[in-house]
Amino acid sequence: MAYRKTFQLLCGVAGGSAVLVVAAAAADSRGYFGGQSAGGSSRWSGLTVLRAAQPAWTPASHTPAPTGHAWDVNWDKRDPALLSNGKKKESSTEDPSTEQDNGKPKATRNILLIRHSQYNLSGNCDKERILTPLGREQAELTGQRLAALGLKYDVLIHSSMARATETANIISKHLSGVELVRCDLLREGAPIEPVPPVTHWKPDAVQYHEDGARIEAAFRRYIHRADPKQKEDSYEIIVCHANVIRYFVCRALQFPPEGWLRMGLNNGSITWLTIRPSGRVALRTLGDAGFMPPDKMTRT
């Protein structure tokens with residue numbers, strides 16, 4: 001009877017773990033784990049067995065250790081508190097805090113990276129790699145989605161390659177008054193050798209060297225915090241390519257850039273980066289294509 005009352009009490013107060021311990025103690029005292037000894041030295045031998053069967057819990061065993069480098073607050077070299085060489089800025093005015101405050105960005109930049117729609121893979125040159133009928137439908141759907149968001153877009157920048165240009169032109173029909181800007185830096189390429197490597201795609205070292213420098217230049221031109229003169233939050237659209245977008249995401253989040261190929265993007269999908277005045281970066285969406293019917297989704 002004493003065992004039953006203790007069992008019920010602990011069951012209500014401490015839960016299943018206490019039940020297991022008390023049940024094991026009772027079983028051990030009655031000899032279910034082996035013969036009882038005259039003394040108390042073997043009474044908890046069964047509990048020792050149970051304890052040994054359970055993995056030891058420590059914070060270290062359940063929390064991955066931090067890896068990589070700390071967040072670089074001056075990643076875009078635009079932190080007003082720092083010079084380009086990383087040293088603290090010295091002010092010549094009588095009130096340095098006032099000058100520094102006036103030079104701080106106050107607006108948030110929203111950058112919506114759009115992957116071009118499905119295109120003709122059998123084309124022999126860029127001019128022949130135009131959108132397929134399905135690709136044009138995808139671009140229409142992306143344009144409708146961007147319009148439905150109800151945002152005030154400042155500019156629509158696009159790669160100069162045929163498939164990106166055609167995608168941008170279709171999207172722009174849904175965004176009246178938004179300026180179209182063409183950019184060669186955003187052309188598709190091989191940004192950096194991926195890790196782990198893949199067997200189906202093997203650019204040579206020269207291509208990585210040339211494309212990587214160009215795509216990095218595009219990142220530095222377009223992905224950064226707002227200029228201090230910018231007063232309102234901005235929304236900018238960039239229509240380009242999967243490799244470029246994936247590399248941009250890794251660089252903006254300060255993830256290892258060689259991991260860019262571990263992400264996949266659907267045609268016409270939307271990737272949304274937000275850059276705060278402090279330089280903090282958030283990825284709001286990655287390859288969002290949920291606005292398309294399932295039979296319209298492709299990844300080519």
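Among contacts in the chain between residues at least 6 apart in sequence, what percentage join residues at least 24 apart? The share is 69%, with contact taken as heavy atoms within 4.5 Å. The model is predicted, so local features need pLDDT of at least 70, side-chain atom pairs count only at pLDDT 80 or more, and totals for chains, interfaces and linings use all residues. Residues are numbered from 1 along each chain as its sequence is written, and side-chain values use heavy atoms, without hydrogens and water.

The chain has nine helices and six strands. These are DSSP runs numbered from the N terminus (helices H or I, at least four residues; strands E, at least two). Of the 300 residues, 40% count as buried, meaning under 20% relative accessible area with a 1.4 Å probe and protein chains only.

Helix α6 covers residues 133–148. Its 16 residues should span 22 Å at 1.5 Å a residue; the expected span is 1.5 Å times one less than the number of residues. The end C-alpha atoms of α6 are 23 Å apart, which agrees. The buried residues of α6 are Gly135, Gln138, Ala139, Leu141, Thr142, Gly143 and Leu146. They pack against β1 (109–115), α7 (162–172), β4 and β5. Just after α6, Gly150 takes a positive phi of about 70°.

Five aromatic pairs were found in a search of the whole structure. Rings of Phe, Tyr and Trp (its six-membered ring) pair if their centres lie within 6.5 Å; planes under 30 degrees apart are stacked, over 60 edge-to-face, and the rest tilted. The ring centres of Tyr235 and Trp272 are 6.5 Å apart and their planes lie at 75°, so this pair is edge-to-face. Tyr235 is in strand β4 (residues 234–240) and Trp272 in strand β5 (residues 270–275), so the pair ties together parts 37 residues apart in sequence. Both residues are buried. Ring pairs also link Trp75, Phe219 and Phe248 into a cluster.

The charged end of Arg284 sits over the ring of Trp272, 4.0 Å from its centre. The charged end of Arg163 sits over the ring of Tyr119, at 4.2 Å from the centre. The criterion is NZ of Lys or CZ of Arg within 6 Å of the ring centre and within 35 degrees of the ring normal.

Key. Buried < 20%, exposed > 50% of the residue type's maximum accessible area, 1.4 Å probe, protein only.
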